[in-house]
Structures are given as structure tokens and as C-alpha cells.
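Colleague: I'm new to this model and would like to learn how to read it. Could you walk me through it, one feature at a time?

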Amino acid sequence: GIAAAGYVTIGVSFIGDYYPAPAERDRLISWFTVVGGIGSLAVLVAAGWLTKSGGWHAPFALYFVGLPLFLIGLFTITDVPVAAAEAEGGPAGAILRAWGLYALILLISISMYTITIQGVFLMNQEGISDPTVTSSVILMTSLGTIVGAYAFRFVRPAFGFGLTLATIWGLLAVGNGGFALTPNVWLLAVFAGLAGVGSGFMTPMMTTAILGAVPPAASARAIGLAMGCLFIGQFLHPLALTPLRV
């Protein structure tokens, strides 16, 4: 968990350092999210194949991919001179000024994990218990995330912040609400995909908004706090939804 949070924080922060121009930065963060979604799909496929061929211990070998990446990083990743020359970390006040964005990230993240966390339980209650079917439906959220992240680079300039944010909430509302109201497997997959598109918009939308709201010297700390809000929302999700379910 520490490694995952660190990788996302450092990756987005480096994009902000290497590509300070807003349009280019937004495009690269969009691709960052797309590649992350493709990687998640690849891991799911590889984990299934490894489990069948080597037992349930085998998928954990995928973590060893970090070793060659670490070695590559030693020789390819360097601090950007301009960013390195600035005050380390940046002023705390600049980060606190973006508190509204952090609150939005927290609220949206509680909603965006609904199908991923609760979907299997709901499908089992509806009599859909085949693991292949349930996993395929949930997988549609990952596919939707890839689509949304790729489309972000076109939607954000055309819609602006407010309308893009409204689109995220709308997609999550239709996706989560529709998923709860139908037992049809094909419709479940469609609604899961729509919620995934909303999630795909959300990550690059909020990270680019954070980078645009704070000075470059504070970008790493600001993105770290944003990722913290994202994971706290995921942690709070079952605590928020269990009373509603009961």
C-alpha cells in the first residue's frame, strides 16, 4: 500500500515537473491513468493464468516486476533543475488553499468504488454467482476507466472544470444507481462501464486541478495529500455504505 501511494504520487509529481505547460501536462496525466488501467487489466489476466498453473501463491511473483523497474529508474529518473532549485515542499498555506478539491476527492472516491467493492455481493444476492460472470462484470469498470482517462484529454478542454465535474457525478450516479436496479447481466456490465468512465475522468481531473492550484514547489506534497484523500475515501466506503445497506 505504501508503495502504491508512493508510485502514484511521485509519477504525477514528475509529470508536473517535466511538463509544466497545462495542456501538455493534462495530456500526459491522462495517458498516465490510461496506462495504469491497462496495467490493472494485464495483472488480472496474468494473475488468473498464474493461479491456474502454479497455485494461489504464484500471482504474488508479479511484485518482482518492481526490481527491474527500480534499476531502470536509477539511470533514467532525475530531478528537474527548475523544480530542484525551488524551496523543498513549498508553503503549507498554498496546499491548504486547495482544501475544496481535497474534499471533492474524498467524496467522489467513496462513491467511485461502489461497484468494485459491493458489486459481487449484490450480484450474488440476485442469484448471479458464477465467478467468471461476476469478475467479467466488475472488469468492465476497469475498461470504463481506461476509456474515461483517454477521453479526458478531449473532454476537459471542451467542458471546463465545472461541467466535467458534473459529468463525473452524473456517470457515477447512473452507473451505481443502474447497477442496483437491474438483475440483467448485460445491463450490469453497461452500468459498471459507465461508472468506470466516471472514475477514469476523476483521477486526471483532480490531479491536474491540484497541480494547477498550487505552486510547483508544493506539487509533490499536494499530490501526496490528494492520493491520501483517494485512499481514505476507499477505506471509508464500507463504513459509509454499510448503514445504508442495513
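Modeller: Gladly! Let's begin in helix α2, where Arg27 and Glu24 sit three residues apart, about one turn of the helix. Helices here are DSSP runs of H or I with at least four residues, strands are runs of E with at least two, and both are numbered from the N terminus. The model is predicted, so local features need pLDDT of at least 70 and side-chain atom pairs pLDDT 80 or more, while totals for chains, interfaces and linings use all residues. Residues are numbered from 1 along each chain as its sequence is written, and side-chain values use heavy atoms, leaving out hydrogens and water.

Colleague: What do the side chains of Arg27 and Glu24 meet in?

Modeller: The general idea is that side chains of opposite charge can pair when their charged atoms come close. In this case, Arg27 and Glu24 meet in a salt bridge, with 4.0 Å from N to O. The term asks for a side-chain nitrogen of Lys or Arg within 4 Å of a carboxyl oxygen of Asp or Glu.

Colleague: Are Arg25 and Asp26 buried or exposed?

Modeller: Both are buried. That word means under 20% relative accessible area, exposed means over 50%, and partly exposed lies in between (1.4 Å probe, protein chains only). Arg27, at 32%, is partly exposed, and so is Glu24 at 35%.

Colleague: Now the rings. How many aromatic pairs are there?

Modeller: A pair of aromatic rings is described by the distance of the centres and the angle of the planes. Rings of Phe, Tyr and Trp (its six-membered ring) pair if their centres lie within 6.5 Å; planes under 30 degrees apart are stacked, over 60 edge-to-face, and the rest tilted. By this rule there are four pairs. One of them is Phe14 with Tyr18, stacked at 5.6 Å centre to centre and 20° between the planes. These two are four residues apart in helix α1 (residues 2-18), so about one helical turn separates them.

Colleague: Which helices hold Trp31 and Tyr150?

Modeller: First, their geometry: Trp31 and Tyr150 are edge-to-face, with 5.4 Å between centres and 70° between planes. Trp31 belongs to helix α2 and Tyr150 to helix α8, so the pair ties together parts 119 residues apart in sequence. Ring pairs join Trp31, Tyr150 and Phe154 into a cluster.

Colleague: Which residues make the nonpolar surface patch?

Modeller: Trp31, Val35, Tyr150 and Phe154 make it, and it covers about 400 Å². The elements giving two or more residues are α2 (22-54) and α8 (131-181). Patches take residues with over 30% relative accessible area and no salt bridge, joining like charges within 9 Å and nonpolar side chains (Val, Leu, Ile, Met, Phe, Trp, Tyr) within 5 Å. Areas come from the Shrake-Rupley method with a 1.4 Å probe, and for residues only the protein chains shown count as cover. Val35, in helix α2, is exposed at 53%, while Trp31 is partly exposed at 35%.

Colleague: And the chain as a whole: how many helices and strands?

Modeller: There are 10 helices and zero strands. The radius of gyration is 19 Å, close to the 18 Å of the globule rule for 246 residues, so the chain is as compact as a globular protein of that length. This radius is taken over C-alpha atoms, and the rule is 2.2 Å times the number of residues to the power 0.38. Buried residues make up 40% of the 246.
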